[in-house]
Amino acid sequence: MNLRNPDDVIQTAKRLVEADKRSEIRLNANGGNSILIVCRPDREMEYIKSIITFMTDDTYDIIDLNDLLNNYVELNKKDLADSFELLKGSLHQIFKSPEGENGNDLFSLIIKRISSSLSVNKIPVLINSGTLYGSGIDNIHIMENAMIIKAALPLIILYPATKDKDTILFLGKRPASKYRCMIVD
């Protein structure tokens with residue numbers, strides 16, 4: 001993974017979404033509608049600062065996944081202890097209900113928040129995605145959501161990861177999907 005200046009990487013992502021290159025995004029994202037800005041985990045804060053500097057106008061909506069997790073816990077704190085006890089062997093189901101089930105989970109909260117951005121014609125930008133580690137929510141779950149794929153605007157995800165040849169490792173540990181996204185690094 002190169003050591004490009006975070007400002008340059010963020011500007012590259014902005015050019016992709018602001019120029020009429022959305023078809024290029026879909027083509028490179030295998031029909032998806034997302035841009036994954038891959039940064040080394042130890043440089044994530046530099047990238048967040050660049051995002052805050054360059055993506056603050058009316059075009060973008062920065063969504064902090066740390067804040068969403070805290071909101072989720074606050075809203076569900078009396079039920080979480082019971083859920084942890086009940087789902088000991090499947091803790092990830094607390095944060096993402098099994099396929100086909102609708103639940104009051106973190107994943108649904110994230111999708112609603114992205115939908116809210118898109119409904120006011122803003123490009124959603126997810127930061128602090130390391131929050132999702134161990135939750136059972138992978139980048140592919142978000143990127144393959146039908147609402148995101150069909151949206152007129154793309155989703156941008158800042159993704160702390162390392163690269164090992166052609167493999168992206170989320171937080172340097174877990175192989176990550178790059179199937180439904182265009183990689184910018």
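Two strands pair if DSSP finds at least two bridges between them; strands (E, at least two residues) and helices (H or I, at least four) are DSSP runs, numbered from the N terminus. This report concerns a predicted model, in which local features need pLDDT of at least 70, side-chain atom pairs count only at pLDDT 80 or more, and totals for chains, interfaces and linings use all residues. Residues are numbered from 1 along each chain as its sequence is written, and side-chain values use heavy atoms, with hydrogens and water left out.

Strands β4 and β5 are antiparallel and share four bridges. They form a hairpin with two residues between them, and K165 in the turn has a positive phi of about 60°. T162 has L169 in β5 as its bridge partner. L169 also has a bridge partner in β6, namely P175. Strand β6 (residues 174-175) runs antiparallel to β5, with two bridges.

Rings of Phe, Tyr and Trp (its six-membered ring) pair if their centres lie within 6.5 Å; planes under 30 degrees apart count as stacked, over 60 as edge-to-face and the rest as tilted. By this rule there are two aromatic pairs.

| Pair | Centre distance | Plane angle | Class |
|---|---|---|---|
| Y133 and F170 | 5.9 Å | 45° | tilted |
| Y159 and F170 | 4.7 Å | 20° | stacked |

Y133 lies in the loop between β3 (123-127) and α6 (139-143) and F170 in β5 (residues 167-170), so their pair ties together parts 37 residues apart in sequence. Y133, Y159 and F170 form one aromatic cluster. Y159 and F170 are both buried (under 20% relative accessible area; exposed is over 50% and partly exposed in between, with a 1.4 Å probe and protein chains only). Y133 is partly exposed, at 42% relative accessibility.
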